[in-house]
Amino acid sequence: MNKNTLVNSKLVCVALNDKAQLAALDSTFNEAPYKKPPTQPVLYYKPRNTWNVDGAEIEWAKDMDGNDVDTMVVGASLGVVIGKETCRVSQADALNYVEGYTVVGDYSLPEETYYRPDIKGKCQDTTAPVGPAIVAADKVTNPDALSVTVSVNGEVKSELALANLERSIAELISTISHIMTLQAGEIIAVGFAGDRVPVAKGDKVEAAIEGVGTLRNTLGGA
Amino acid sequence: MRHARIIFDGRELDIDIDANDRITTADGETLNVALDSDQITWLPPVKEPGTIFALGINYADHASELAFEPPKEPLVFIKHANTLTGHKQVSYRPDNIDYQHYECELVAVIGKTGKNIKREDALDYVAGYTVCNDFAIRDYLENYYRPNLRVKSRDSLLPMGPWLVDTADIPDANALKLTTTVNGKVTQDGTTKDMIFDVPFVIEYLSKIMTLNPGDMICTGTPHGIVDCQPGDTIVCSIEDICSLETRMVSEQEFYGDKY
């Protein structure tokens, strides 16, 4: 747990919110074990041991035998920072509860299945850097029009326009706030590009959102 | 020794409870009140709750009840403090659902930071045990990160307590009777002996993946015997030698009040 984390108490991530990814997986999601495509946002937590900061090293993950894993991947998302208690808010009112925006990185093992909570894939220490800072909400006029890029060693590997999210920021805040009461400082990572970017030991990764910031981290293990 | 957090006489207090049910505050004051007094408001027993790990289908008979093969490795999902509430508090039933059930579970509370903890050392990392009721709403299950947050991350649907019992006071956490009553009628009658993955196994497993920290909790799953619960029902989840946890169900409207 990094004591300088920008996250307070909870980091909720939204999986499968890239329209192109959902379309590509549609036939898979009509088969076992899924049987039908998701009807609700697909959510997961990055727990507190994963929270990390801009500039920090991301530990290279080990498998259950204690050996280094072969492959890790990274995704990046806009992080929506909640500004006050948010309980059962409407979509129309949702953005009034946002204090600001930041960048969330999600380092993990490759996403192979969405059937069970991916504790073994996504909960390794240090794998959720958030930052570099929280940009006040009034400085970001249209968050749904932002674009998230991931670069590895200076080369752009992935770009996701948030216009291509299945569910908008306001819709997600409203839906999640009807499941759980959100508190100030809790962060929602609203969507990742469906194709996560493979990374290697020692890689330098930049997750960037214009007007929000660039989150820089280096993979360990080199 | 037992440990709890209460509100008494307008004060929020950390208390110890001895074998004679005598209550002493952290400042050494003895409270002259009975444990079953309505003057005590019970808070969730872990003061600074961290990550809550919960196990699904961790009793073979419950797995068959749900038409699942017993798992080959633990099915773990994560919850946060918004779900917690205390003994003798309320939990809500969402509107327009058909099936919400309790899950009476033994909880191990982590007391020491650790990574790559060996099974034989695992109990050194456990501060104590308590009881939780890990409610589930089956209507909301979908086959994505199942059991999904809509089922398992709702406000108030993880009552816990009333107290923690020191690890040393429980020589074998896998030899305890576990029962649940609804409105006084026994609906669940099992034993922690039937747990598939015990606390030391789960600590070894989780700590291979990540660091465990004080205040993290492991809810170990529930045996056979789940029934639907309605507003107005009183549910008591009990584990022998640990504690009995009482919860009253209310409607969504009653729970959220002005925010409904």
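Between which strands of chain B does the loop that holds B:N96 lie? The answer is given in point 6.

1. Basis of the note. This is a predicted model, in which local features need pLDDT of at least 70 and side-chain atom pairs count only at pLDDT 80 or more, while totals for chains, interfaces and linings use all residues. Residues are numbered from 1 along each chain as its sequence is written, and chains are lettered from A and ligands numbered from 1 in the order in which they are written.

2. Chain A overall. Chain A holds four helices and 13 strands; helices (H or I, at least four residues) and strands (E, at least two) are DSSP runs, numbered from the N terminus. Its C-alpha trace spans about 50 × 40 × 30 Å along the principal axes. Among the contacts in chain A with a separation of 6 or more, 78% come from residues 24 or more positions apart; a contact requires C-beta atoms, placed from the backbone, to lie within 7 Å.

3. The interface. Chain A contributes 31 residues to the contact and chain B contributes 27 residues. On the side of chain A, the elements that give two or more residues are β2 (42–45) and α3 (119–122), and β2(A) gives the most, with four residues. This side of chain A divides into 18 nonpolar, six polar and seven charged residues. Here Ala, Val, Leu, Ile, Met, Phe, Trp, Tyr, Cys and Pro count as nonpolar, Asp, Glu, Lys and Arg as charged, and the others, Gly among them, as polar.

4. A:Y45. This residue is found in strand β2 of chain A. A:Y45 is buried because 24 other C-beta atoms lie within 10 Å. The C-alpha atoms of A:Y45 and A:I188 are separated by 9.4 Å, although the two residues are 143 residues apart along the chain.

5. A sheet in chain B. An open sheet of five strands runs in the order β9-β20-β19-β16-β17 (chain B), with mixed pairing; two strands pair if DSSP finds at least two bridges between them. The edge strands, each pairing on one side only, are β9 (89–93) and β17 (185–191) of chain B. Strand β16 (residues 177–182) of chain B pairs with β17(B) in the antiparallel sense over six bridges. B:T179 stands opposite B:D189 in β17(B).

6. Backbone points to inspect. Most residues other than glycine have a negative phi, and most peptide bonds are trans. A cis peptide bond joins A:A32 and A:P33, with omega about 0°, and A:P33 lies in the loop between α2 (26–29) and β2 of chain A. Another cis peptide bond joins A:G131 and A:P132, with omega about 10°; A:P132 lies in strand β7 (residues 128–136) of chain A. B:N96 has a positive phi of about 60° although it is not a glycine. B:N96 lies in the loop between β9 and β10 (100–101) of chain B, and this residue counts as exposed because 7 other C-beta atoms lie within 10 Å.

How values were computed
Contact = placed C-beta atoms within 7 Å. Buried ≥ 20, exposed ≤ 12 C-beta atoms within 10 Å, placed from the backbone.
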